[in-house]
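Please open the model in a viewer and keep the selection tool at hand.

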Amino acid sequence: MEFSSRARQRHTRLAGDRRDPYPHSLQFYQEPPTESISLAEFESFAVDRLRLLKVVENLGVSHVRSSDSYKTKLEAEFRRLKFPYRISEDLKNELANELSTSTPGFTMTKVKEQMFYKVGLSDAVDLFRARRVFIKDGFAFVPLKDIDALVLNNYRQKLSKALAVEETHKSPPHPKISLLTARSLPSIQSDERLQPLLNHLSHSYVGPDYSAQKNTGKISLEHIDALSVKSFPLCMRQLHRALRDNHHLRHGGRMQYGLFLKGIGLTLEQALEFWKKEFIRGKVDADKFDKGYAYSIRHSYGKEGKRTDYTPYSCMKIIMSNPPSQGDYHGCPFRHSEPELLKQKLQSYKIPPSGIAQILDLVKGMHYQLACQKYFELTHDLDDIGFSLNHPNQYFAESQKLLTGGRELKKEPSHLGNSQQKSNSSQESMTSTSTPSSSNTTADAELEGLEAYFTED
């Protein structure tokens, strides 16, 4: 995840004389901003915030299974926080006996090694109730390892206040919308400038761009059937099976599946060959395919019309837009299939009854992407997926990492001389065995980007 320096420049310019109410890059925003900004800036800031939240989500998920790694990173981050209430070494030495006695697990040696913070008792209520801190004169002396409890308590208090609805406000639009929000909604809902932006943001995907096609030419058409079973998400496996059975897909299915195949590495030439071979096995002759369907395939690769290089659909786009009708096979099976039909499909794919029950429970709760994550775990024999799944091409990439041990796919041989092919194959082999990949490596890189973005100048 990359955060641009341009975004940071906007932050500095717009903040200007707002440094007093907003002294830090990350805010609870108790006091709403009052700057005048353009609609373009509004949308840009909103997308930046979505990216930030996505990074935070990924970092949390990637370290949830590795408690030592998580605690190490958490402690490193807290050490960077400039809390104004850190006690001096002299005061800590003076209170060393009391701190050791009142703080569970702290020997005198550990007290000397750990930083302590003096905060109001009301800010450390949870720690006080659990008898985990030393109390003196209405203040709690909190060790660094427990400082996250202060942040969580502070956040909880502010969130509760923000979600509170006054009794005099009889009919808020939603029971958990604050009074201030409820009062603002009518003007927001009637603002024709904001509604398109907000609707777009609700469907926005801010993950990797899978139109880049870094695996271009590394997928063989002969392997697609096997890959569809091992590494395709259920939505794409369903489309592939329907194409093989019916030798045709309607427009919605061709777009969803075609862009997915493009994203996993099919070249334009491979795509034309793949679709033509399948369609002419049905009711479409070669001439009709060349005059009609071939154009739309070239168009999706940016070779026709406005030359737009179309991006593979994200999970949110598939779930929220263009629902399938009778005779269609596109969409999200977890969102658009009847539960009984979904159950039968999962049974046919040898998913165990307990796993099917878990998936159907998630579907019932409208947690469609979590249902897909559970499907990934069950088909890859994992207890915990270890990452947040939000794109079909991400599903494929993560599956291939697991199945190949992190090796890159080898590129399909080109029609060049044999000696050159051998040289290329050797290079590919060396590359593939020397570039292991993991979700934690990605998370570390994202954390570095996050730190750089929010480091004050």
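Begin by selecting phenylalanine 106, which counts as buried because its relative accessibility is 5%, below the 20% cut-off for burial. The model is a predicted one.

The ring centres of phenylalanine 106 and phenylalanine 116 are 5.8 Å apart and the planes meet at 70°, so the pair is edge-to-face. Phenylalanine 106 sits in the loop between α5 (96–102) and α6 (108–113), whereas phenylalanine 116 belongs to strand β1 (residues 116–120), ten residues apart. The structure holds 18 aromatic pairs.

Which residue lies over the face of phenylalanine 106? Select lysine 110, placed at 5.0 Å from the ring centre of phenylalanine 106. Then show serine 100, found in helix α5. Serine 100 counts as buried because its relative accessibility is 18%. Leaving aside residues up to four places away in sequence, serine 100 touches Phe106, Thr107, Met108 and Val111.

Now turn to the nonpolar cores. The largest of them has 52 residues, and those with the most contacts inside it are Phe232, Tyr257, Leu261, Trp275, Phe334 and Tyr375. Apart from this core lies another, of eleven residues, among them Tyr117, Ala124, Ala140 and Leu150. In soluble globular proteins, nonpolar side chains tend to be buried together.

Centre the view on phenylalanine 232. Beyond residues up to four places away in sequence, phenylalanine 232 touches Ile224, Leu227, Arg237, Tyr257, Phe260, Leu261, Ile264, Tyr375, Tyr395 and Phe396. Phe232 is also part of a cluster linked by ring pairs, together with Tyr257, Phe260, Phe274, Trp275, Phe279, Phe289, Tyr293 and Phe396.

The next stop is glutamine 256, in helix α13 (residues 251–264). Is glutamine 256 buried or exposed? With a relative accessible area of 3%, glutamine 256 is buried. Its contacts, not counting residues up to four places away in sequence, are Cys235, Met236, Leu239, Tyr313, Ile318, His330 and Gly331. Select histidine 330 from this list: the C-alpha atoms of glutamine 256 and histidine 330 are separated by 6.7 Å, although the two residues are 74 residues apart along the chain. Tyrosine 313, one of the residues that glutamine 256 touches, has lysine 317 over its face, at 5.0 Å from the ring centre.

Colour the chain by confidence before the final stops. The average pLDDT of the chain is 76, and 67% of the residues score at least 70. Confidence is highest in helix α12 (residues 234–246), with a mean of 97, and lowest in helix α22 (residues 418–433), with a mean of 39. Select residues 412–440, where the pLDDT is below 50; the model gives this stretch 27 contacts beyond near neighbours in sequence. Then select residues 453–457, over which pLDDT stays under 50 and for which the model has 15 contacts beyond four places in sequence.

Finally, display the whole chain. There are 23 helices and three strands, and 37% of the 457 residues count as buried. Among contacts with a separation of 6 or more, 62% are between residues 24 or more positions apart. The accessible surface comes to about 27,400 Å², with 52% belonging to carbon and sulfur atoms.

Terms used:
Residues numbered from 1 in each chain as written. Predicted model: local features only at pLDDT ≥ 70, side-chain atom pairs only at ≥ 80, totals over all residues. Heavy atoms only, no water. Helix = DSSP H or I, 4+ residues; strand = E, 2+ residues; numbered from the N terminus. Buried < 20%, exposed > 50% of the residue type's maximum accessible area, 1.4 Å probe, protein only. Contact = heavy atoms within 4.5 Å. Areas by Shrake-Rupley, 256 points an atom, 1.4 Å probe, with all protein chains shown as cover. Core = buried A, V, L, I, M, F, W, Y, C linked by side-chain atoms within 4.5 Å. pLDDT = per-residue confidence, 0-100. Phe/Tyr/Trp six-rings, centres within 6.5 Å; stacked < 30°, edge-to-face > 60°. Lys NZ or Arg CZ within 6 Å of the ring centre and 35° of its normal.
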